[in-house]
Amino acid sequence: LGGRITHAIHQMRNVTIIDEKALNECLNEITRALLQSDVSFALVKEMQTNIKKIVNLQDLAAGHNKRRIIEQAIFGELCKMLDPGKPAFAPKKAKPSVVMFVGLQGAGKTTTCTKYAYYHQRKGYKPALVCADTFRAGAFDQLKQNATKAKIPFYGSYTESDPVKIAVEGVDRFEKENCDLIIVDTSGRHKQEASLFEEMRQVAEATKPDLVIFVMDSSIGQAAFDQAQAFKQSVAVGAVIITKMDGHAKGGGALSAVAATKSPVIFIGTGEHMDQFEVFDVKPFVNRLLGMGDLSGLVDKLQEVVPKDQQAEIMEKISKGNFSMRMMYDQYQSVLSSGPLNQLYSMLPGVSAQMMPEGESEAKIKLYMTVMDSMTNEELDSSNLKAFNESRIMRIARGSGRIVREVMEMLEEYRKMAKRFSNLKRFKMPKNGDMSSN
Ligand code: GDP
Ligand code: MG
């Protein structure tokens, strides 16, 4: 996606006369890319119309900053679409609030309930968890396990089959115990069906939640709008949490969820663990959606995973787009060992998708590493592909016991990856996640 948008905008720059047709072509290309990121068709159309209103053709024709004008228009539109105009309900300490979680089965409700509770616990709240999922066998055990791990009080039953009854009992109990954040986990079904929505309506009616959070799996694609709307029609959804943002999905469905529920996204889930949970921040999210690389998030992650004395150097290299083969080698190594660097690189557009060690690609990674093992230090530290002439390639092939075609393939892979990194060059390191071109 990032590549396509960058390409589309780049093409625009090469056109000397910017007319309606050139702008349309550019926008169409961006439309296709956003659709691939699961942004809904209706929303993309809306964005297209708005951008045409904002982008003044005369400005484009006169100025040299075409790229910047278009980029900023798209960026601004997407940010606007993620802002429903009113903040979500925020629980207050020492005053009981009830927060109910809804969403389809597998969306990540139970996991996210605990993350949400844990997050607030660390901020000084007294959270508690209520399991009102009587549909799925093992639902209570799962919640119990999570809650125990996080040392959060919980309530549920192995025998009671009425979710409304359990929800009410749990809320009552924890109100008496002076908990200030009572979280009600509910059941889901694989499909959106009438009985599920009726159940949600009843649980909400009985527990009178201050906030209903719709939990959505980032990978559900174009189904996001209908799903979010269906929940909104039965309960007063007031916030959205997008889960599994650590996967391949760019999360364009978030725009649909916001549009359908008229509620803001408040958190994103970035892994199965309790602390893989982040406050939603519009700008880095849109940067990622557009494939521009979340450099501000990157800085934070770097601080976690890279020793302090190496951080500056790595950031400098990445921001300059000086991406050597050794850096690729190091990345491969960290991908293979599944270290936290995975998360780091998943923020860089286009990289993670190519680097995921799945099936054949893991074998490929190993193959490329074998080839690189036969390179000299000088070769590894260079980023100049022209230096790899025929005799050098032959030497590397012989040294690694591989054939010339495989060495060429590795070099091509490097070329592609270096190109993606150089696309980041244009962006200054933002302090606040802002997108700014050089
Ligand atoms: P529920 O049916 O909506 O309650 O969903 P669960 O909380 O049981 O989650 C379903 C699966 O998704 C579980 O295997 C979770 O570990 C996993 N999961 C939930 N959130 C995330 C996330 O942010 N990232 C990843 N990778 N997995 C998640
Ligand atoms: Mg569950």
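Start by selecting ligand 1 and the 16 residues around it, of which Gly108, Lys109, Thr110, Thr111 and Gly269 come nearest. A residue counts as near a molecule if its C-beta atom, placed from the backbone, lies within 6 Å of it. This is a predicted model, where local features need pLDDT of at least 70 and side-chain atom pairs count only at pLDDT 80 or more, while totals for chains, interfaces and linings use all residues. Residues are numbered from 1 along each chain as its sequence is written, and chains are lettered from A and ligands numbered from 1 in the order in which they are written.

Now colour that shell by residue type: 1 is nonpolar, 11 are polar and 4 are charged. (Ala, Val, Leu, Ile, Met, Phe, Trp, Tyr, Cys and Pro count as nonpolar, Asp, Glu, Lys and Arg as charged, and the others, Gly among them, as polar.) Which helix gives the most to the shell? Select residues 109–122: that's helix α6, with 3 residues in the shell. Helices (H or I, at least four residues) and strands (E, at least two) are DSSP runs, numbered from the N terminus.

Next, click Thr186, in strand β4 (residues 181–186). Is Thr186 buried or exposed? Thr186 counts as buried because it has 29 C-beta neighbours inside 10 Å. The cut-offs: 20 or more other C-beta atoms within 10 Å means buried, 12 or fewer means exposed, and in between is partly exposed, with C-beta atoms placed from the backbone. Show what Thr186 touches beyond four places away in sequence, including Lys109, Ala132, Asp133 and Met200. Touching, or being in contact, means that the C-beta atoms, placed from the backbone, lie within 7 Å.

Hop over to Met274, in the loop between β7 (265–269) and β8 (277–279). Met274 is partly exposed, because 15 other C-beta atoms lie within 10 Å.

Last pair: select helix α10 (residues 224–234) and helix α11 (residues 253–261), whose axes come within 8 Å and cross at roughly 30°. (Axes are lines fitted to C-alpha atoms, for helices over the stretch in contact, and angles run from 0 to 180 degrees between N-to-C directions.) So α10 is roughly parallel to α11, since angles under 35 degrees count that way. For the contact itself, pick out residues including Phe225 and Ala228 of α10, and Ala257 and Ala260 of α11.

Finally, zoom out: the protein has 21 helices and 8 strands, and buried residues make up 40% of its 438 residues.

Technical notes:
Two residues are in contact if their C-beta atoms, placed from the backbone, lie within 7 Å. Ala, Val, Leu, Ile, Met, Phe, Trp, Tyr, Cys and Pro count as nonpolar, Asp, Glu, Lys and Arg as charged, and the others, Gly among them, as polar. Angles under 35 degrees count as roughly parallel, over 145 as roughly antiparallel, 65 to 115 as roughly perpendicular and the rest as oblique.
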